[in-house]
Amino acid sequence: MHKVIPAIAIAALHGAVSVTAQACAAGTAQQIGGNWYCSEVNAITYSNFPGTGSYDKITNMDVNTGQCTSEKQAYRGSLAPMSEELSMHFRGPTFIKQLAVYYPDSGAKVKRNDHVHAHAHRHGQQHVHHPKRDHALADRAVGDMVVATIDGQVVSWANNYAGPEASPNTAAAQPLPVAQTTLATSFGTPSQAPSATTTSGSSDPINPLPHAGSSSGGSEKWVRQAYFNAEAGSSDGFTFLNHFGGTKGMPGTADGGPAFGASLSYASPDGKSAAASAQTLGNKMIEDDVEIIVLSDKTCEGGSCGYTRPGGVAYHGFGGDSKLFIMEFSMPRTGNTGFNADMPAIWLLNAQIPLTSQYGTNPKCSCWTSGCGEFDLFEILDTGNFRCKSTLHMAPAGGSSDYFRRPEKSTIKAAVLFHGANQAAHIKILDSSQNFDESLAADVVEAMTQDSGSGGQSSVFRLASV
């Protein structure tokens with residue numbers, strides 16, 4: 001099989017031993033704004049997490065020099081490093097109506113911040129939440145696994161491309177053979193690529209949650225640990241933040257200059273400025289290119305979060321290999337143009353990233369560059385698009401080219417479910433009747449792993465082995 005592959009991808013493919021390919025459904029592949037899209041789905045499952053690895057944990061930030069030191073941080077676990085504490089991020093135009101975090105309850109009270117890890121940060125200059133950049137090719141360090149959908153084929157390779165200087169003759173790209181095209185093991189024995197990676201109904205091969213199915217008679221339930229309701233103006237267990245630390249005398253710091261960027265600060269109700277203390281997010285749309293960060297209401301006292309930005313506002317994230325985020329939101333179309341205009345996004349970061357230097361210019365001050373973890377859930381990659389993509393940034397990195405439809409005119413409810421025993425992470429559009437009660441029955445949560453819901457399709461993306 002031969003495919004025409006962009007020059008950057010060609011540079012990365014040299015030296016690769018083999019690639020894994022999965023086909024889009026016939027006639028669905030299309031390129032928009034430099035990004036490839038396959039089919040609209042209502043659920044995407046990410047499986048085959050590596051379970052072990054390491055990244056560079058930030059241990060010191062020198063405000064006088066703008067330099068940072070780090071040490072190798074090993075991780076182990078079925079969903080590691082995404083089992084570490086995570087922060088939630090929302091970029092406008094997005095209207096958050098409800099938001100909740102749940103943990104499984106096995107008879108003992110689950111603490112809101114049961115899993116504390118030391119880390120650092122980042123989501124900045126080289127980070128993917130900038131306009132018109134392909135998830136497959138942006139922000140990849142040498143040695144990272146890269147997964148891209150090119151001409152309808154999802155292709156992965158070990159990156160050895162260090163920047164544009166290494167590939168000056170981009171116009172000279174020639175078709176290359178795709179070596180050892182194999183079907184990911186989620187779909188059976190390696191053979192010919194199938195006509196589609198999307199499946200309807202409950203054909204998802206991922207196992208249901210242990211101790212959580214009515215068939216096994218399990219009694220486990222999931223207990224709500226944090227909840228926000230915009231219409232009621234109420235919030236419990238959350239802290240709403242942004243990036244204006246140290247401005248106009250507000251809490252936080254800008255010490256260290258551009259190398260670190262401004263630290264976290266308390267967000268005003270509209271998210272457009274800093275506040276003197278914690279505020280509840282308002283019942284209105286987050287405007288274009290305004291970002292809200294959501295952490296728990298537990299402060300990082302006594303080094304409990306590991307190293308954090310000196311002088312910055314610091315709260316714990318949401319840790320554990322079993323956790324559930326449910327949200328109700330819309331992403332209205334504004335028609336605005338310009339940087340990040342009409343490009344809403346919802347994503348998760350390893351909480352070390354915002355707690356140190358999410359938007360600094362020094363990449364050595366962020367664990368993001370070494371793979372501490374980011375999970376893009378619903379991201380619009382070019383102005384005004386209606387296709388929301390998802391991508392995992394870690395080692396290995398990868399993202400499905402199937403997409404969710406942007407909820408422009410009314411809200412949708414969605415779940416993001418991590419469960420270690422499943423060894424998978426699930427994003428699913430829920431039925432409009434889904435509640436945000438103080439507890440959820442185990443079979444309700446199990447259903448989030450098994451079908452697409454609302455008559456849509458589901459997709460499984462198996463991360464490449466490392």
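**Cysteines and disulfides**

Modeller: Let me begin with Cys305, which at 3% relative accessibility counts as buried, where buried means under 20% relative accessible area, exposed over 50% and partly exposed in between, with a 1.4 Å probe and protein chains only.

Biologist: What kind of model is this, and which cut-offs apply?

Modeller: This is a predicted model, in which local features need pLDDT of at least 70, side-chain atom pairs count only at pLDDT 80 or more, and totals for chains, interfaces and linings use all residues. Residues are numbered from 1 along each chain as its sequence is written, and side-chain values use heavy atoms, with hydrogens and water left out.

Biologist: Which residue forms a disulfide with Cys300?

Modeller: Cys305 does, with the sulfur atoms 1.9 Å apart, a disulfide being a pair of cysteine sulfur atoms within 2.5 Å. The link is left-handed, with -75° about the S-S bond, and Cys300 is buried at a relative accessible area of 17%.

Biologist: How many disulfides are there, and what pattern do they follow?

Modeller: The count comes to four, and with bonded cysteines counted along the chain the pattern is 1-2, 3-6, 4-5, 7-8.

Biologist: What about Cys68, where is its partner?

Modeller: Cys68 is joined to Cys365, S to S 2.0 Å, and that link is right-handed, with 100° about the S-S bond. Both Cys68 and Cys365 are buried.

Biologist: And Cys367, is it buried or exposed?

Modeller: Cys367 is buried, as is Cys372, and a disulfide joins the two, S to S 2.2 Å. The torsion about their S-S bond is about 65°, so this disulfide is right-handed.
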